[in-house]
Amino acid sequence: MNFWEFVGSRHQQLLTDAYQHASAVFQCMVVATLLGVLIGVVSYRSEWAGNLATLTTSTILTIPSLAMIGLLIPIVGLGVPPTVTALTLYGLLPIVRNAIVGLRGVDPALVDAATGIGMSRPARLLRVELPLAWPPILTGIRVSTQMLMGIAAIAAYASGPGLGNEIFRGIASLGSKNALNQVLAGTLGIIILALLFDAAYVLLGRLTIPRGIRV
């Protein structure tokens, strides 16, 4: 059968895998965003702390994804736990780096003005600094999401959820009549999900970033 016939015959399974793939990436991005922004907030005021945070998250990203998941299996087992752990760790670098850059790029005059009207440090952070640093933070989230879409496919190695299962099944059965269709279906599914997520982030940016800051 051709590719479209294959998709039609397996559309239910492909939709299930796509949903699991998107869900895993989304949930890991929520956790990575919270952790990444928190690390950025804690470290951006100190040069050495910021460098340490960036270096640590950069080092994590240099570990091959297959090796990372393989190392996690003896610790957390198969399935969802190694997938969530690996994706969250891989998603940190762009968010941490952009959070630090964004917070350091806030105009000191605005911070001084907020201090002058009696704002506490937490209030300045939440109402002045983080909103102004949001555009680069959102950019970091977009970059992380695109990376995790591809990395999540490797989770099938550890019986993880997602479209990687289609790719791995196709590779394992190379030579059979539907092997290429399976690999292609999984790959195209990941590309489509990545484009949909990115479009959602563009919309989120338009809704949450004032026009003056965008310009």
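Biologist: What should I know about the model and the numbering before we start?
Modeller: This is a predicted model, in which local features need pLDDT of at least 70, side-chain atom pairs count only at pLDDT 80 or more, and totals for chains, interfaces and linings use all residues. Residues are numbered from 1 along each chain as its sequence is written, and side-chain values use heavy atoms, with hydrogens and water left out.

Biologist: OK, how many helices and strands does the protein have?
Modeller: The protein has eleven helices and zero strands, where helices (H or I, at least four residues) and strands (E, at least two) are DSSP runs numbered from the N terminus. The C-alpha trace spans about 70 × 40 × 20 Å along its principal axes.

Biologist: And what share of the residues is buried?
Modeller: Of the 215 residues in the protein, 44% are buried, buried meaning under 20% relative accessible area, with exposed over 50% and partly exposed in between (1.4 Å probe, protein chains only). Among contacts with a separation of 6 or more, 76% join residues 24 or more positions apart, a contact being heavy atoms within 4.5 Å.

Biologist: Switching to the inside, which residues touch the most other members of the largest nonpolar core?
Modeller: They are M29, L103, L130, I137, L148 and M149, out of 43 residues in that core, a nonpolar core being a set of buried Ala, Val, Leu, Ile, Met, Phe, Trp, Tyr and Cys residues joined through side-chain atoms within 4.5 Å. Two or more residues of this core come from each of α2 (11–43), α3 (47–62), α4 (65–76), α5 (80–90), α6 (92–104), α8 (121–151) and α10, and the largest share, nine residues, comes from α8.

Biologist: Which residues does M29 touch?
Modeller: Leaving out residues up to four places away in sequence, M29 touches I95, I141, S144, T145, L148 and Y201.

Biologist: What about pockets, how much space lies in the largest one?
Modeller: The largest pocket holds about 290 Å³ of space. On a 1 Å grid over the protein atoms alone, a pocket is an open set of points where a 1.4 Å probe fits, with protein on both sides within 12 Å along at least five of seven lines, and lining residues have an atom within 4 Å of a point. Grid points are joined across faces, edges and corners, and a volume is the space filled by probe spheres set on the points.

Biologist: Which residues are closest to its centre?
Modeller: Of the 13 residues that line the largest pocket, L14, A18, A185, G189 and I192 are the closest to its centre. The elements giving two or more residues to this lining are α1 (3–9), α2 and α10, and α10 supplies the largest share, five residues.

Biologist: How does that lining divide by class?
Modeller: The lining of the largest pocket has eleven nonpolar, two polar and no charged residues, where Ala, Val, Leu, Ile, Met, Phe, Trp, Tyr, Cys and Pro count as nonpolar, Asp, Glu, Lys and Arg as charged, and the others, Gly among them, as polar.

Biologist: And the second largest pocket, what lines that?
Modeller: Its volume is about 210 Å³, and its lining includes M29, W134, I141 and Y201. In that lining, α2, α8 and α10 each supply at least two residues.

Biologist: Where is T88, and which residues does T88 touch?
Modeller: T88 lies in helix α5 and touches C28, V31, A32 and L35, again not counting residues up to four places away in sequence.
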